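I opened this notebook to record what I looked up in the structure. The entries follow in order.

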Amino acid sequence: MADMDADAFAVEVFNELKTEGELLHSSAAWEHELLAQVKVRVLRGHKDTVKSCQFCANASKILTASYDKSVLLWDVATGASVKRFEKHSAFVSQAKASADGTRIFSTGWDKQVHMYDAETGYTLWSGGHDGIVTCGGWSHDEKLIVTGSDLDMSVRIWDSSSGSLVDAITGLHRSTITSVYFSVNDDKIFTSSMDYTAKVWDRKFKRNTITLEGHTNIVSDSACSSNERRLATVSWDKSIRLWDISTGEYRSKGCELLTKAHEGSISSCDFSQDGCSLVTGGYDHQVLVWDVDNMVQKLRLQGHLDWVEDVCYSPDQKWILSCGKDTTVRLWNVENAENITMVKESYKTIGLRLQNCVHCGKPFSSGRTDSQDGNGVCVFCRLQNKSKNQIEHLDDNTTVATLDDI
């Protein structure tokens, strides 16, 4: 799969839908060849590197943070930016929204953390570190947020409503914190760092319980699967490592390596909701999609013109979001990835059996269904069945626009 010609999947064509002049005045455009098997929509609005991106509000909105000192909230259905937050006086390193999209916080090079009301844009509270605030994340109960920094190399936990400091963790890392987020049950905190390690902090016992070592350069990001079985780490050493932290098997057998990956440093990663796929972004301008159950690369998505800074999956796993130094945000439609000829051939090469979903008829690898409860149903149909009522009804006549509406 490493030698796959990604241009067969997604090729950037700037004038396919609009003239150049029209594009300059539009917020979003589909930019791919007519026969491309992975459709890509490009959002423009930032004037400098887009450092982070996230789906929010039931995937009806996209939140981005940029070195142009702004945070933008985008409407997925229209591709337009609907709200701009400009509180920081320096680069914005990250922005994260609560699950319902009503509150947003951002971190910046000005050493500040700002919490906003998403609808009004009003700043609810502000806090800070002694150094650049590099990253952050919400607790799943949304009562707390966690942030990490560079100069003091600390992790701080804040009350999301009042902004009061709940806890400060120091001495965990020897260099800049590159990612920090809560576990599913909010009882642990995951971190990665420029000190070449990733760690797990137990909030109850207030101590570091897991240290993952092996990278030979900066660990730029990490991601944990929703069942907390696997932890993925990506690094400037160009490697992607998968750690089985549920059993601790890595202690005796080491981690698993995804090979033939990016051609340069890797910046970001994110697991799909079912934990079977991983998306990574790199400084080689590429977005890669991996089948982690079978340890193979599925897709190599090209189109970014510079470093890819952040990537993430939509909750329904049909879309991948990426952003980068080229100032763009890109929406990739990957729901039909299993239908791509090269993906099918790659699975056959490693002896993997493909089967058709009994509901939608789409092919999927046998490794992407649980033998106990899958019953021949692909992950998309399984997720859809679990979230039939996911679309939020605002009133009797109005619903929240989702990705399926675009």
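How many bridges join strand E12 to E13? I found 5 bridges between E12 (residues 144–149) and E13, and the two run antiparallel. I took strands (E, at least two residues) and helices (H or I, at least four) as DSSP runs numbered from the N terminus; two strands pair if DSSP finds at least two bridges between them.

I noted that this is a predicted model, in which local features need pLDDT of at least 70, side-chain atom pairs count only at pLDDT 80 or more, and totals for chains, interfaces and linings use all residues. Residues are numbered from 1 along each chain as its sequence is written, and side-chain values use heavy atoms, with hydrogens and water left out.

I next followed E13 to strand E14 (residues 165–169), with which E13 pairs in the antiparallel sense over 4 bridges. Ile157 has Asp167 in E14 as its bridge partner. This hairpin also has 5 residues between its strands, and Gly163 in the turn has a positive phi of about 85 degrees.

I checked burial in E13 (residues 155–159): 4 of its 5 residues are buried, so the strand is largely enclosed by the rest of the structure. Buried means under 20% relative accessible area, exposed over 50%, and partly exposed in between, with a 1.4 Å probe and protein chains only.
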